[in-house]
Amino acid sequence: MEASAYLQPITKTEQGLDPQDWAELRELGHRMVDDVIDHLATVNERPAWQEMPAEVRRRFQSDLPVDGEGAEKAYRDFQQYVLPYAEGNLHPRFWAWVIGAGSGFGMLADMLAAGINPNLGSGDHAPALVERQVIDWMKQALGFPARSSGLLVTGASMANIIGLAVARHVKAGIDVKENGLFASPARMMFYGSDETHNSVVKGLQLLGFGKQSFCPIEVRIDFKIEIAALRDAIRRHKAEGLKPLGVIGNAGTVNTGAVDDLAALADLCAEHDLWFHIDGAIGAPLAISAKLRPMLRGMERADSLAFDLHKWMQMPYDVGCVLVRDEAQHREAFSEGAGYLSRMPRGLCSGERWFSDYGPELSRGFRALKVWMCLKQHGLRKYGELFEQNTEQAGCLAGLVESSRELELITRGELNIVCFRYRGRVCDEQALNALNRELLMRLQEQGIAAPSVAILGGRFAIRVSICNHRSRREDFDLFVREVVRIGREIEKSAA
Ligand SMILES: Cc1ncc(COP(=O)(O)O)c(C=O)c1O
């Protein structure tokens, strides 16, 4: 074809997505910021959670908007149908799972990140340097060596996968990148307590090991891994011809916040030449507090460490982090050349180390900015103080539970998680489980508080996990009063 054949005139008016009138966008933007700050500032005047009416639920089944309805309408829909029925984790009495409360400044930082919209997969631009600096700060805060590497990810689930993938690359004894796991003559095994988070098992499944490659080890009465049982399992598996590859230590289990004896696990891994990965989703950042740090002794010896910044560090969702002791091993496990990603000595494609060489994703958002700006805003010390505040509040709640004749404390871990149940005069275990289940739902439906569930030794427990910088002493007083009130109501109606 003649080159001139491509030189067709453009017949339509060219268009883009920018507004015709920037002043209109500016006005709407200012209004949005005002509205959301009002929403944050008045959060404790609203219920901790509220059920979404069926009419609102139906709104989410409306047709795909082929022709646009405009920014004003889109924003109105957000205000009417999304904002009032969000998860509830801004509220001071939201204590479900392990969910952070975010912050206003973090939200603004996220807006700026979206405003400049860089892709953190490649390049050596300022946003990449921000992420690198955040990772350096995390190494420093958690006692990892300066030469180790890291990556910001969606959360600890992905951070666990990355740590385990590096373990596979380094310890499998076969070229997994080239040949997959088929070349292995023996099943490879990982070990962790039976309280280990299910993201670890999911990660092992994704990595091709299969669920059978995870050997759950029993825990002691304090929910920490039984080291002797772990030692036995490793010995037994070796004798049976299996290949032990790594151990997952817990720095804060999801049910009770238990921290394994990490130093003992590090010793055992060194003795058997195993990879030592720590799931520190909840507890790793506690190293920031000099008071809480001693319980994490041994964490600094991990080969890889996964933790979250959107949980107890209160960064807006989503952001977690993985650190890997040996940078070269981390890079080798993930780097895969591609001509169009060639590095240049100068210009936009410069810089030897791109983040896409350290994880499975190429395109990545600028989640580092909120961490960088919030750390600059508050300083590390403030976070340490908030961790201490929440662990003290957990102690206070446990005390309130113990001082009530109608409540039974089930666990009060070292950290921020308290599990308890209403007992009243009920003796039958099944009836108690049913009563507490109903009680939990009523607490949420009545907008009083939003704790979640733990099943401990077959007992249904109300699980309160306090990683919330907005909770205050009065919130726990009110909560316990309301638990007793609703518990009595249910007990009476069942009698
Ligand atoms: C101990 C533990 N590990 C891993 C995870 C997964 O973290 P994320 O939800 O950030 O992926 C959680 C989540 O609660 C957790 O508690």
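Visitor: In what sense do strand β3 and β4 pair, and over how many bridges?
Guide: β3 (residues 188–193) and β4 pair in the parallel sense, over four bridges. Pairing requires at least two bridges found by DSSP. Strands are DSSP runs of E, at least two residues, and helices are runs of H or I, at least four, both numbered from the N terminus.

Visitor: Which residue stands opposite Phe190?
Guide: Phe214 in β4 does.

Visitor: What can you say about the model itself?
Guide: This is a predicted model, where local features need pLDDT of at least 70, side-chain atom pairs count only at pLDDT 80 or more, and totals for chains, interfaces and linings use all residues. Residues are numbered from 1 along each chain as its sequence is written, and side-chain values use heavy atoms, with hydrogens and water left out.

Visitor: What is the strand order in the open sheet?
Guide: The seven strands run β2-β8-β7-β6-β5-β3-β4, with mixed pairing.

Visitor: Why is one side of β2 and of β4 left without a neighbour?
Guide: β2 (149–153) and β4 (214–217) are at the edges with a single partner strand each, so one side of each has no neighbour in the sheet.

Visitor: New topic. Where do the axes of α4 and α12 come within 8 Å, and at what angle do they cross?
Guide: Helix α4 (residues 104–116) and helix α12 (residues 368–378) come within 8 Å and cross at roughly 140 degrees. Axes are lines fitted to C-alpha atoms, for helices over the stretch in contact (heavy atoms within 4.5 Å), and angles run from 0 to 180 degrees between N-to-C directions.

Visitor: Which residues of α4 make the contact?
Guide: Phe105, Gly106, Ala109, Asp110, Leu112 and Ala113 of α4 do.
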